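Hi,

Here is the structure I promised to pass on. Have a look at it first, and then read on for what turned up.

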Amino acid sequence: MRKTFTLATAAVAVLALPTAAMADGHEQRYSASLSQANDSGASADAELWLDGNELTVSIQGQGFFDGFPHAMHLHGEPGGDNVCGPLNSDEDGFDAKDADGDGIISVVEGADDYGPVSVSLTTEGDTSPDSALAVDRFPDSDTLDYERTFEVSDEVAENLSSLHIVVHGLDLDDSGEIGTVDIPSSLDEELPIEATAPAACGQITASAAGGVDTGAGGTATNGGQDGTGALTAGLLGAGALGGLALRRRRLTGDETA
Amino acid sequence: MSRRQPAAATWVIAAAILLVACSGGPDRSASGADDAPEAASSAEEHDLDDPDTEHDQHDAHDQHDHDEHGDHDEPDQHDGEAGSADPSGSQPGSTEATLAAIRAMDPDRLAGLHDHDAHDGHDDHGDEASVDHPNGVDPERIVIDAIGVDADVIDLGIDGDGRMEVPTDFDQAGWFTPGPRPGRVGPAVIAGHVDSRSGPAVFYRLPELEAGDEIEVQGDDGEVVTFAVRGLEQHPKDEFPTEQVYAGTPGSELRLITCGGVFDDDERSYRDNIIVYAERIDG
Ligand SMILES: [Cu+2]
C-alpha cells in the first residue's frame, strides 16, 4: 500500500470533500449522448474533459440541419435537478410539457426541465449565457464538428454532472429552410421557432477509466471464490490477460485493494 | 437477513447467474423513452401550418416596426402572431432571411434572450413531480438487507491514471463524486472491496444479490433513496463496460462495483469486476 495514497484518501474520507476528483488536479472525463428533440432525427456524441476549470468539449453530430447556425449550450442550474425531459411527441409527458399545444417543444417549454443556459458552446470568444444566440459563433453543419477548450466557473466545474447539452435549430416542416414555420420563437417574436427550438439534448455524466480495484485477495484462496474463479477463467481468452499485466504493474502500489 | 450464506455451493449458483447476465448484456428495456432512437418523423405529426400559404409578411413587418420602439425586455411566448422578421428583403421564411433577421437585432436584446423565467422551482417536472429528493442525496451510508450490508459511504474521485479511487477502509464503500448523486437522474456509482488481505470486506456478498433486492442509500440529512437490483454482470477489468456503467440514463440508477473472478497473485489483484445495476423505486 502506498502511503501517500492512503493519506490522501483518508483525508477525503474525513472531510468528505465534494470535489475530490478536481482536488488532486486530474483530468476528469465526461460524456453525453444527445438524442433527438422535436423528432428532429438528429443525434450527437459529446466528450468533455475537465482539468481544474479548463473544460474541453468535443461534439460530433449527425442529421442536424445543414447550413444554419446551431446554438449549443450547457443547460441546467449547476447542482440542480434538471433533466432533458420529454422532448419528442411519442414520449410520456410531452403533451403536458407542450403548454401551448402547438406540437413543438419551444426553448421556454423545454427549459422547464432542462433549465437555463449556463454556458454557451460558442466556437470562439465569450461563452457566457449572453452569447446564447451568437449565430456567427456556432457550428452550422449537419455534423456540428465542434471542439473547443475554455474556462468555466467553479460552479460549473463542480457540477457538470447536473448539466445537459442542448443543440438548437431544426427544420420542423422539412421545407429545406429555417424560418418557414409560421410560429415565433418563444424567446423573441422576431425569431421563427425553427431557429431556436431544441433539436437534441443529452445528459452529461462522468466516467472513470477501466475497472475498479476492489479486492486484495484475502478470500481468494480460502475456498469462497473457487466457484466464481473457475467459471470465469473459462470465459477469459488468453489475450485478455496479456494487456492486463502491463497496466496493472503501475497500479500495484495502489492496490489497497 | 440470513437467507444466503457465502458457501461454496452458493458461489457456483451466483456465478451461473452472472454468466447468464454477461451473455445477455444489460437489460435496458425498462430504461424509458429517452433512449428511443427511432425518429417519428416531423411534419405530419406537428400539424403545422403550411408555410407557403400561411406565412404572413405583413404581420412580420408590423411586428418589426413595433419592436423598433422598445418593449424589448419581455419576450412573451403567447404574444406571437408574427413569422420571421425580414429586414433584409430576401425571400421571406428562408434560412437566409432568418439569419439576416437575427443579425439585424439589437445585440443587447439578443444577449438578453436567455433571461427567460423558465425553471421556476423544482416541483413542476411533469412525471417527476412526485419524486422525493429529485436531486439525490449526498450519500453517507448504504444498507442492503439482503446481503447484510450496512456501511459508511465515503467520497471517491479519480487517480492519476483516470481510474476510480477505492476506499482504504475495507469496511467502507465509496461514491464516485464526479458522477450524479444517488437518487438524481443518471447513474450513481458506489464501489467497495470484496475482500481485504485477510478476509471478506464490505461487498463480499455482492454476487448474491438478485433482481428485485433493495438497496438503500442514506444521505447526510437522513433522507433515504431506495433502489432495486435489475441485474448483475461480471467483466474483465480490461474490458470494463464503461458506457454501460457511466453513460446517462433517463431515470435515477445506481451501480455497485466490486471485484471478482480469478485473483492474480502476482499482481495482487482480481481480474474481473462485478457490477450490480439498480434502478430507483421510491420516485
Ligand atoms: Cu440551449
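Please keep in mind that this is a predicted model.

Let me start on the surface. A:Glu27, A:Asp51, A:Glu54 and A:Glu151 come together there as a patch of negative charge. One of them, A:Glu151, lies in strand 6 of chain A, which covers residues 146–151. With a relative accessible area of 54%, A:Glu151 is exposed, because the cut-off for that class is over 50%.

Next, the metal site. Three histidines coordinate the copper ion at 1.9 Å: A:His73 through ND1, A:His75 through NE2 and A:His168 through NE2. Along the sequence, these donor residues follow the spacing H-x1-H-x92-H.

Which residue of chain A meets the side chain of B:Arg109 at 2.6 Å, N to O? The partner is A:Asp188. This pair crosses between chains: B:Arg109 sits in helix 6 (residues 107–111) of chain B, while A:Asp188 belongs to the loop between strand 7 and helix 6 (193–196) of chain A. A:Asp188 has a relative accessible area of 1% and is buried, and B:Arg109, at 9%, is buried as well.

B:Arg109 also forms a salt bridge with A:Glu190, where the closest N and O atoms are 3.6 Å apart. This contact again runs between chains, from helix 6 of chain B to the loop between strand 7 and helix 6 of chain A. Like B:Arg109, A:Glu190 is buried.

Within chain B, the side chains of B:Glu253 and B:Arg230 form a salt bridge at 3.2 Å, N to O. The two are 23 residues apart and link distant parts of the chain, with B:Glu253 in strand 7 (residues 252–264) and B:Arg230 in strand 6 (residues 224–236). Are these two partners buried or exposed? B:Glu253 counts as buried at 3% relative accessibility, and B:Arg230 is buried too, at 14%. Through shared partners, salt bridges join B:Arg230, B:Glu253, B:Arg255 and B:Glu279 into one network.

Happy to talk any of this through.

Best wishes

Conventions:
Residues numbered from 1 in each chain as written. Chains lettered and ligands numbered in written order. Predicted model: local features only at pLDDT ≥ 70, side-chain atom pairs only at ≥ 80, totals over all residues. Heavy atoms only, no water. Patch = residues over 30% accessible without salt bridge, like charges linked within 9 Å, V, L, I, M, F, W, Y side chains within 5 Å. Areas by Shrake-Rupley, 256 points an atom, 1.4 Å probe, with all protein chains shown as cover. Salt bridge = Lys/Arg side-chain N within 4 Å of Asp/Glu carboxyl O. Lys, Arg positive; Asp, Glu negative; His and termini not counted. Charge placed at Lys NZ, Arg CZ, Asp CG, Glu CD. Helix = DSSP H or I, 4+ residues; strand = E, 2+ residues; numbered from the N terminus. Buried < 20%, exposed > 50% of the residue type's maximum accessible area, 1.4 Å probe, protein only. Donors = N, O, S within 2.8 Å, 3.2 Å for Na, K, Ca; no water.
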